[in-house]
Amino acid sequence: MSFVDPSDLGLLPTFRRLLRLWRDQWRLGVFGLACSLAYTLISTAIPVLIQQAIDRSIVHHAQPLWPYLAIIAGLAALRAVVNFNRRYATARIGVRIEARMRELLYQAYLRYPRGFYDRHPTGQVLSRATNDLYPIRYFIGWGFVQGMQSLMMITAAAVVLTVVDARLALYTAVAMPPITVLALRFARRVAPISRQVQERKGDVTEAADEAVVGIEMVQTFGREDDVRGRFGEKAEGVRSTVLRQAGVESRHLPGLYYLPALSIAAVLFFGGRQVIGGHLSIGQFVLFETLLLQLVWPLEALGWITNLAQRALASAGRSFAWLEGIEALPEPARPRRLPAGRLDVRFERVSFAYGGEADVLHDLDLTIEPGEIVAVCGPTGAGKTSLLNLLPRFYDPTAGRVRLGGVDARDVPIAELRASVALVTQRPVLFSVPLRENLTAGREEADWDEVLAACRAAGVDSFGPSLPEGYETLIGERGVNLSGGQRQRVALARALVTGARVVVLDDPLSAVDTFTERQLVARLRPALAGRTVLVATQRLSTVWIADRAVVLLDGRIVESGRPAELVRAGGPFATLFGDEVVAA
Amino acid sequence: MRRLGRYLEGRKLTAALMVLVGAGNAAAQTGGWLLVRNAIDKGITADNEHHLTIVVAIYLGVAAAGWFLQAMLIRGLATIGQAIVIGLRRDLFDHLTGLSLRYFSQQKAGWIIARLTSDVDAVSDVLSQGMPTLVSNVMLLPAAVTALLIADWRLGIVSLAVLPPALALSRWFQRVSHAANVEQRNRIAAVTAQIAESVAGMAVVQAFNRERRFQAEFDALNEANRAQSTYVQKIFSVFFPSIEFLGVLAMVAVLYVGSHLYAQDTLTIGTLITAIYLLQLVFQPLQELSDVYGQLQSAGAAMVKIASILDEEPEIRDRPGAKPLPRLSGDLDIDSVVFAYGKDPVLHGVSFRVPPGGCFALVGESGHGKSTLARLIGRHYDPDEGAVRVDHHDLRDVQLRSYRRQLGVVLQDPFLFSGTIASNIRFAKPDATDEEVQAAAAAVGVDRVAARLSGGLEHEVREGGAGLSSGERQLISIARALLADPRILVLDEATSNIDRPTEVLIERALDRLLAGRTSIIIAHRLSTVRRAEKILVVEHGRIVQRGAERDLLSEDGVFRRLAHTLEGGDETEFAAAG
Ligand SMILES: Nc1ncnc2c1ncn2[C@@H]1O[C@H](COP(=O)(O)OP(=O)(O)O)[C@@H](O)[C@H]1O
Ligand SMILES: Nc1ncnc2c1ncn2[C@@H]1O[C@H](COP(=O)(O)OP(=O)(O)O)[C@@H](O)[C@H]1O
Ligand SMILES: [Mg+2]
Ligand SMILES: [Mg+2]
């Protein structure tokens, strides 16, 4: 177990938490239960009235029939109102709790550290906040109260039957033990299978997500058949588990449905004899049968509900495990503010490893003076991105510390830290909102003139206005309707707009042509003036922007100095840029 | 729903059998009550205990038969239902993977995924859980009505009096709940899409302190979904109790009329009592049917959404009579190609021809159409005017698959699948041996990367390639293209995140392994494009210059401007900095 992958919560703790959510809705809950009780009472009263009507008004004409019928109709109308309220109230609880759980999960998602997303595929994260919540909703929004009502109905029927004829009531109970056994057995058998069904569905989601996101790759290599095969296997997995579930259902559900026939037969047989013997009125006989008939569904429902309860608890157990077991990035206990003015950045004896793996950064020291621009160079996989990601605290160093303006990054409130550090990720991420909103994502209140200035500095001005709707053009998900270099420039402008004092650029111009790059390098210097900048790059032409370059090799800094000097020195830096240096 | 019938092919017999079984099951239930009538009239009121015993025995026998039939029904219908579901899911997925890139760039990923998962699940639920209820109750309803009429036609007609309002109510319910359910599907899809997009872009959401904003957007969608769910539940909550109420009214009417008939001695007490029970059998299916109806409704709504994908015509697909391509020699001819994503063309008449085995480079400012050209070469889009030809075959006339199998493309932003590094390299050629995979990995330096990682080439790669650096992802995708042994290779800024020495290593490998193959290189580093025989300069969707590096440098044009960055200018810049 790790802090990003906690194991599911047990039944009892899950139940307690669900109960707590339910208690938030206690008014509706109590109302629903009260309606259930009223429903049960009316539903028991109606057969009793029918019995009286048959005995007193139809068989013997002791009393007129119409008052009975009027009362029955009246009660039925009342029951309809009660029933509406019960259903609606409980359904609302379910819907609300579903929405609440989803909200809690999403809230948590927004706070989870990167390590969490490194470990869990999008499809899984997605399905936990959607499909996985349905059993919870059905259990709370229907199962729980329906279960209580079933119990009430059974109790009420038992009481009435016992009062009318205790011995016959006992005979009719003949079907109860097998029904109970069958219902419990059904619940026990079906629960693990329905959990599997749920898991298999998760697999399908994952496979679907991957294929949809990676579609260009799939089509390019003509590998549709493979992913189809893969997906087909997952779909087949769902099918076979659903069929196994149907097998279990077919062995239990019909029994639950037809076993009450035993009781009805018992009433026919024993009750019938008693009627013949004159110990039981025909009306009472009817009462027995009617009440028994009314119990068929509540009994059947009990089996379903136990199953549903187990699934709901399993789903909720998983969700709560995430909600409680995964630590969001810890806020400092005693927060310190960043000093005003320019900030320096110091990496002090920083080591870093991704969860459980070998160190990526080793005991690294690096100081960036206030307002200095430092380029981080190094071969693929040297740890540049990892180093840069420590600044906005995507990860915390495993040893040593990162200081901004003398304050340990971990002591600064996260929001303040991130507001002071603007980041351009190596793979630019844009959202499906208009270009303008993408640009102002880091500072919504930014002046449009400032935004335009940032656009000029980042080179967005060369294509933004000529997009179909200019700056109002809707950007496709993941920025699909922009070219790679355009996406990078938007991400760069977005970072500039924030006005943050520290700017972290991870290979920000790798997809930009050399000509534009050259222009940008010239324009960026003034735009970045006064800010402390860390820029990782693979291109010599981008290194120019920097006052100083450091070379990172296997997580260690092996060389540092002015770019021009490094070129001349002929050390690792010169090797790294190879013939580019020769060209220069 | 008619679409679903298609998947019944080959299972018609089972389906027919299930209809019979369903009818038998319904007969068993109603027949049971007719037996009860018999027991009351001929046994109880006739004081005939012997007859009573016999009828009870038969009754139990009928119940046992019903039990058996229902078990068959559940199992049989599940088999049919799941056959339909898997057929649907596969077809939907197959169809999706055949849709062209334009479709995917216009839809949100979360939206599409919701179709494949929750929508198909909705159909599945109805088929596996709803169907048994549906079939048995659809049978039960007429069976109960018939039994009622057989028991006593006068009582039957009296109780049928409430059917018109019941049916009217059902119609109303169907109409309202259908609309409500479709809307519900839309709203949950919006929620799904929001979660999917924020999870995918979480790094940026967090880095820019966007959590509040995203939370607010989400809350609005979540709330809209909740409100709609509540509304749907409300409709249901109105419907069921009303039906139940109508059932009691019918019973009251039957009791009233029955009491008169009984007084006139034209009705036995057994028939009256049985009529009451049979009435329950009429209304119970109405209720249960409507219960299933809810499921049916959402399944119907889901099918509407699914159909919207299935009806989407793939923009790019084999024309009837398209020919499979033989092994290509690699002659690539881009002939006066005009292309627009939307209204405004991105490419305005681009022409060039790469001879077999030739190596051309495309350079130019970003956003001027290089990747678009690469996509046209991969036939992810068709040109609006002009043609792309390989070995003199217009791409539109050949079997797409046979072409793409001979094509290797490394994308600007490579996508890795979850699995291992080895399985990703093997992606383009699943039957490659371990040695081949290792050779491809070694050729471009993936082996050195792998050596650093736990498990080497068997190192786990997570979805999208998370857990690797961008350069490493690019290396792996180049190895993947190499292993595919393509006749035509397109490298779209394939080495942009890779350091120059590694890139040199890759170039050597390409030269060695792809000798005689046609290749197109899109790159910005001058040192990278220098390898090409001919350099094409793309500007505003046109080729404005072409030729060998030396010639282009001697011309006064765009290329010089691009090249100037590295030549000459540097020293002064460095000097200024120093
Ligand atoms: N999320 C991650 N989980 C585990 N390992 C990672 C992760 N991201 C990167 N790595 C590994 O850490 C090393 C350094 O990666 P990175 O900092 O991205 O390199 P680069 O210098 O190319 O930016 C690489 O070997 C890479 O495989
Ligand atoms: N899917 C798309 N939908 C609409 N416009 C697009 C799409 N992809 C790219 N474009 C536009 O087409 C132009 C050319 O893009 P592209 O070919 O990717 O350029 P590059 O030369 O940088 O590779 C750009 O202006 C971009 O905005
Ligand atoms: Mg990197
Ligand atoms: Mg491009």
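Predicted model: local features only at pLDDT ≥ 70, side-chain atom pairs only at ≥ 80, totals over all residues.
**Ligand 1**

Ligand 1 sits between chains A and B. Its shell holds 20 residues, of which A:G381, A:K384, A:T385, A:S386 and B:E472 come nearest. Sorted by class, these shell residues are 7 nonpolar, 7 polar and 6 charged. The element that gives the most to the shell is helix α13 of chain A (residues 384-388), with 3 residues.

In chain A, a polar backbone atom of A:K384 is 2.7 Å from an oxygen atom of ligand 1. In chain B, the side chain of B:E472 places an N or O atom 2.7 Å from an oxygen atom of the ligand, and a backbone N or O atom of B:G467 is 3.4 Å from a nitrogen atom of ligand 1. On its own, ligand 1 has 560 Å² of accessible area, and the protein covers 93% of this.

**Ligand 2**

Ligand 2 also lies between chains A and B. Around it are 16 residues; those that come nearest are A:Q486, B:G367, B:K370, B:S371 and B:T372. The shell comprises 4 nonpolar, 9 polar and 3 charged residues. Helix α11 of chain B (residues 370-377) gives the most to this shell, with 4 residues.

Backbone atoms of chain B make contacts with oxygen atoms of ligand 2: the distance is 2.6 Å for B:G367, 3.0 Å for B:G369 and 2.7 Å for B:K370. Taken alone, ligand 2 exposes 560 Å², of which the protein buries 87%.

| Ligand atom | Protein atom | Distance |
|---|---|---|
| Ligand 1, oxygen | A:K384, backbone | 2.7 Å |
| Ligand 1, nitrogen | B:G467, backbone | 3.4 Å |
| Ligand 1, oxygen | B:E472, side chain | 2.7 Å |
| Ligand 2, oxygen | B:G367, backbone | 2.6 Å |
| Ligand 2, oxygen | B:G369, backbone | 3.0 Å |
| Ligand 2, oxygen | B:K370, backbone | 2.7 Å |

A:T385 belongs to helix α13 of chain A, while A:Q426 is in the loop between β6 (421-424) and α15 (435-439) of chain A, so the pair ties together parts 41 residues apart in sequence. A:T385 is also among the residues that come nearest to ligand 1. The relative accessible area of A:T385 is 22%, which makes it partly exposed; A:Q426, at 13%, counts as buried.

**Strand pair in chain B**

Strands β1 (residues 332-340) and β2 (residues 345-354) of chain B pair in the antiparallel sense over 7 bridges. They form a hairpin with 4 residues between the strands. Within the pair, B:I334 stands opposite B:F352 of β2(B).

**Positive phi values**

Most residues other than glycine have a negative phi. A:R393, which is not a glycine, has a positive phi near 60°. A:R393 is in the loop between α13 and β4 (399-404) of chain A, and at 1% relative accessibility A:R393 counts as buried.

B:D485, likewise not a glycine, has a positive phi of about 50°. B:D485 is placed in the loop between α16 (470-483) and β9 (488-492) of chain B. With a relative accessible area of 35%, B:D485 is partly exposed.

Technical notes:
Residues numbered from 1 in each chain as written. Chains lettered and ligands numbered in written order. Heavy atoms only, no water. Near = heavy atom within 4 Å. Polar contact = N/O pair within 3.5 Å; in protein donor to acceptor, adjacent residues only side chain to side chain. Areas by Shrake-Rupley, 256 points an atom, 1.4 Å probe, with all protein chains shown as cover. Helix = DSSP H or I, 4+ residues; strand = E, 2+ residues; numbered from the N terminus. Nonpolar A, V, L, I, M, F, W, Y, C, P; charged D, E, K, R; others polar. Buried < 20%, exposed > 50% of the residue type's maximum accessible area, 1.4 Å probe, protein only. Pairing = 2+ DSSP bridges.
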